[in-house]
Amino acid sequence: LDTGSPHLVNFIDDIEALDVMKEGSKLRFSKEFGDYGINVNFVEFKNFISIRTYERGDEMESLSCGTGSVATAIALYETGRSNDKNHLINTKGGKLKVSFDHDVNKYINIFLSGKVMMVYHGKFAC
């Protein structure tokens with residue numbers, strides 16, 4: 001799915017046992033996704049939704065990926081795993097809310113929200 005950047009959504013059974021760096025790197029650099037690669041989301045969907053994302057460019061696990069969370073919500077709907085258009089998604093960085101409307105062959109009114117916090121402060125010399 002492309003939600004501003006390309007994402008692969010991979011449904012798995014045990015997200016905590018997963019080696020995100022190893023498995024994410026394999027998929028991100030696979031020939032199937034070409035020279036630019038892809039962001040890889042691993043999703044466990046049981047009573048709640050948990051996501052862990054290997055992010056291309058950073059080449060590591062992201063604490064919280066907004067575009068990956070949106071891709072996950074749409075993938076849940078597209079695959080019939082959920083008929084809900086509102087999801088609370090657990091990331092290592094916190095909970096993200098995703099909502100959308102589906103109109104024939106497109107998704108509209110996509111909203112992403114969650115808590116905001118400072119994680120880094122720096123200065124650039126010009």
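The pocket comes first. In the predicted structure, the largest pocket has a volume of about 260 Å³. Its lining runs through Leu-63 and Ser-64, then Thr-91, then Gly-93, Gly-94, Lys-95 and Leu-96, and finally Lys-115, Val-116, Met-117 and Val-119. Strand β6, spanning residues 94-103, supplies the largest share of this lining, with three residues. Sorted by class, five of the lining residues are nonpolar, four are polar and two are charged.

Attention now turns to helix α2. This helix covers residues 66-78, 13 residues in total, and its first and last C-alpha atoms lie 18 Å apart, close to the 18 Å expected at 1.5 Å a residue. Its buried residues are Gly-68, Ser-69, Val-70, Ala-71, Thr-72, Ala-73, Ile-74, Ala-75 and Leu-76. These buried residues pack against strands β1 (7-11), β2 (39-45), β3 (49-55), β5 (86-91), β6 and β7 (106-114). After α2 comes Gly-80, which has a positive phi, near 80°.

Strand β2, one of the partners of the buried residues of α2, also holds Asn-39. Asn-39 counts as buried because its relative accessible area is 3%, with under 20% as the cut-off. The side chain of Asn-39 makes a polar contact of 3.4 Å with the side chain of Ser-5. Leaving aside residues up to four places away in sequence, Asn-39 touches Ser-5, Pro-6, His-7 and Leu-8, as well as Tyr-54, Glu-55 and Arg-56.

Definitions and conventions:
Residues numbered from 1 in each chain as written. Predicted model: local features only at pLDDT ≥ 70, side-chain atom pairs only at ≥ 80, totals over all residues. Heavy atoms only, no water. 1 Å grid on protein atoms, 1.4 Å probe; cavity = no way out; pocket = protein on both sides within 12 Å on 5 of 7 lines; lining within 4 Å. Points joined across faces, edges and corners; volume = space filled by probe spheres on them. Helix = DSSP H or I, 4+ residues; strand = E, 2+ residues; numbered from the N terminus. Nonpolar A, V, L, I, M, F, W, Y, C, P; charged D, E, K, R; others polar. Expected span 1.5 Å × (residues − 1). Buried < 20%, exposed > 50% of the residue type's maximum accessible area, 1.4 Å probe, protein only. Contact = heavy atoms within 4.5 Å. Polar contact = N/O pair within 3.5 Å; in protein donor to acceptor, adjacent residues only side chain to side chain.
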